[in-house]
Amino acid sequence: MRRLLALFRAKWCMGIHEIAGVRKQSKLKVCVVAVFVLALWLGIFFLFYKGFGFMKRFNPGGFGPEMQTIGETVTVRIISLLFLAVFFMLTFSNVLVALTTLYRSSEVEFLMSSPLYLSELFIARFAECVFFSSWAILFLGSPLVLSYGLVYNAPWYFYLVAAGFSLPFVIIPAALGVTITMVLARVFPHLNRPLLIMLAAAAVTGLFLYMRRSFDVESLSSSDQMLGAVLDAMKNTQSAFLPSFWAAQGLLSSSVGELGPTMFHFLLLLANGLLVFRLALYMASKAYYPGWAALRGSGQARSRPRDRGILGRIDCWLGFLQPRTRSLIVKDIRVFWRDVSQWSQFAFFFGLMAVYVANLRAAGYYYLEIAIWKNAVSFLNLGATSLILATLTSRFIFPLISLEGKRFWVIGLAPVRLRELVWQKFWLSFATCITFTLGIMVISNVMLKVEPLLMFLSCGTIVMMNFSLSGLAVGLGALYPNFREDNPAKIVSGLGGTLNFLLSIAYIMVAVGVQALLFQARTLNLIPSDRRFACMVAGVTAFVVLVSMMATFIPMSLGLKNLERTEF
Amino acid sequence: MIRTEDLTKGFGSVLAVDKLNMEVQSGEFFSFLGPNGAGKTTTIKLLTGLLIPTAGRAFVNGVDVQLDPVSAKRALGYIPDQPFLYEKLTGREFLRFVGGLYEMDTREVELKAEELMEMFGVLGAADLLIEEYSHGMKQKLSFSAAFLHDPQVVIVDEPWVGLDPKSIRFIKGYLREKVRDGICVFMSTHTLSIAEELSDRVGIINGGHLIAVGTVKEIMALEATRTFEDVFLELTAEGNEG
């Protein structure tokens, strides 16, 4: 126990030093991030507050005041659905976080060589895993709880109950996720590559089918059936065997002052949390150390012939580029591809995009029959594709310059100008991201059957966004590099990475928002003539181009200047 | 103090360490030599429990590393070639943390940490974050951490990188002094002159096989060449893999 306490004390000290280190960061950067984080929280709070308020009043059936309104019934189901979604997200997030925290971290090697019992080491790493995978969910969950409490006049202890429920609620998916990772780490080193690919393909197909079935909106063929179908579709979230249901029920009971059911559900959650954690601990005693040691020893020397496979042929395919640029690009692609954690996240991300696009087909059946939804869905689609792009650039492009840091002696001594290096990253980002996002845009627009003008504008916007979001990510990556860190996920989670993501979101909101407003105004007949509308389209397009140019060139220029000043 | 019995480690079809049998006594300075990829680091990782042997056993202070890892590690001080240090801790906080891991008395940790940091020349930077340390300072701090709990066995993997001549001289003297006090030092290095100067015995590994063990004089007697470097190169020449 003393050893564990020493470890937690050290982590506490590190946390304090990390927070104190914020003072050394650029004031502007800290302020922008703080303002955006606050705005994000307030935005979510506002959305939930308005949403719950609307649902509370929504009562088309005209039930009496003593009965729950339809809106309230839907709210209960929506909360259960949210908890269920969070539960699955946490489980998946823990699978990924556990891979880094329990297996890949160099800290584990240090701790393994110290006289810690394996159970102590596991508990310490598990706690870290829970923290890293769950803090954001808790941060984003707080406006939901607060807004619900305010709308439904919940008693003061509702908020305490919510805080109390959060710990056992995050422990269950964490224990499940960590256990899955331990099993995978034990099994995977012994599997051959074709079998691995088949398993991954089966998992992605299963996920795809499950999500299609769960979010099937084709059945919503008429508005009469909509409410019944929504309630029906959410029935699965009400299973009494789901931890998300216990958490939701406990919380909802406390909001109306029913302390008995609250305590029952809390104890149910706690007992199951402890049980699942105990099982994870047991699994750790059997599988953690052998799996960790096996993963460290699984790197076998393999010769990589020059002209075989995709990686071997990139050099030839890019033969039209200058040798220096080609070398840099080929290096970036090879390093990315050979880092399992990088491409596995990319592959999962790509799977989710496929699910999104496949579901649009169903959305096309219903929403596009109604004019007002037609624009909204088209621009929501543009927004969603832009967010996919922002996630891609923030996660994979922003760290590229930082990752050069420790190896800068190679590029720094070579006859390569920094300008070339920075623009090479930019073009690499542009070329790879546009392949995915323009493809998604075209396919999704076809599925949504949008009009030609909207198709042209949305595709043009996506091309502009590839420019600007690549410029933002590469530029801010050069402006706020982290040359000490080798782990791209950690580079992204720093202040610079957060700032990049938030600025990307702000840019998307502006670029998509102005166009959406214009088309919505036309649908509502607020624009008197087609000529006026055409002029306004031209004006808005010019504005978006201007903002995009600024978002591309300002960060690129600032980043380049910063790199030129940096001493390596 | 350190003993291996048919210690074997394979990675796929490659045997990195093959039936290694050796013994290092307390109060002995043992240098472990070999060309790159010979199996030195794998052996060290097997001795410290960072790898699981494919076959055979490793003992530290009489304890099987796999059967009772905690007892074995309590007796062990390990200085890896690339030491892991918590960059967001100060040097002093790091040593307090290490003291906690070894369940040392708080007051004892404070005194010992102060003494070691002064000895290794990092006391002036004790309250700076480790991220501000140079490579050499980090190395000295990891020496301080390894000796904090008075280990019976010290395993050092290529410790000289990044150290200035004064520090190298100090550490050489310190290690010898500890050996005189009865500690067993097991050092892996490529610096033959230091191995020759400090070691009571040396072991040469090549292709996973221990191809020579003995005092420097005994090993030099194996080949009719002039220097220890010549002998090493003769023994580890391609084809001489046991």
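In chain B, helix H1 (residues 40-47) lies across strands E3 (29-33), E7, E8 (184-188) and E9 (201-206), and runs at about 150° to E7(B). Helices (H or I, at least four residues) and strands (E, at least two) are DSSP runs numbered from the N terminus, and angles, from 0 to 180 degrees, are taken between N-to-C directions of axes fitted to C-alpha atoms, for helices over the stretch in contact. This is a predicted model, with local features needing pLDDT of at least 70 and side-chain atom pairs counting only at pLDDT 80 or more, while totals for chains, interfaces and linings use all residues. Residues are numbered from 1 along each chain as its sequence is written, and chains are lettered from A and ligands numbered from 1 in the order in which they are written.

The sheet in chain B is open and six-stranded, with the order E6-E7-E8-E3-E9-E10 and mixed pairing; two strands pair if DSSP finds at least two bridges between them. E6 (76-79) and E10 (209-214) of chain B sit at the edges with a single partner strand each, so one side of each has no neighbour in the sheet. From one strand to the next, the twist averages 15°. E6(B) and E7(B) (residues 153-157) run parallel and are joined by four bridges, with B:Gly77 opposite B:Val154.

On to the packing. The largest nonpolar core has 124 residues, and B:Val153, B:Ile155, B:Phe186 and A:Val178 are among those with the most contacts inside it. Such a core is a set of buried Ala, Val, Leu, Ile, Met, Phe, Trp, Tyr and Cys residues joined through C-beta atoms within 7 Å. Buried means 20 or more other C-beta atoms within 10 Å of a residue's own, exposed 12 or fewer, and partly exposed in between, with C-beta atoms placed from the backbone. Helix H6 (residues 157-187) of chain A gives the most to this core, 14 residues. A second, separate core of 51 residues includes A:Ile388 and A:Phe430. Setting aside residues up to four places away in sequence, B:Phe186 touches B:Ile2, B:Val24, B:Phe30, B:Phe32, B:Val153 and B:Ile155; contact means C-beta atoms, placed from the backbone, within 7 Å.

A:Pro290 belongs to helix H10 (residues 259-296) of chain A. With 14 other C-beta atoms within 10 Å, A:Pro290 is partly exposed. Beyond neighbours within four places in sequence, A:Pro290 contacts A:Arg186 and B:Ile52.

Key. Contact = placed C-beta atoms within 7 Å.
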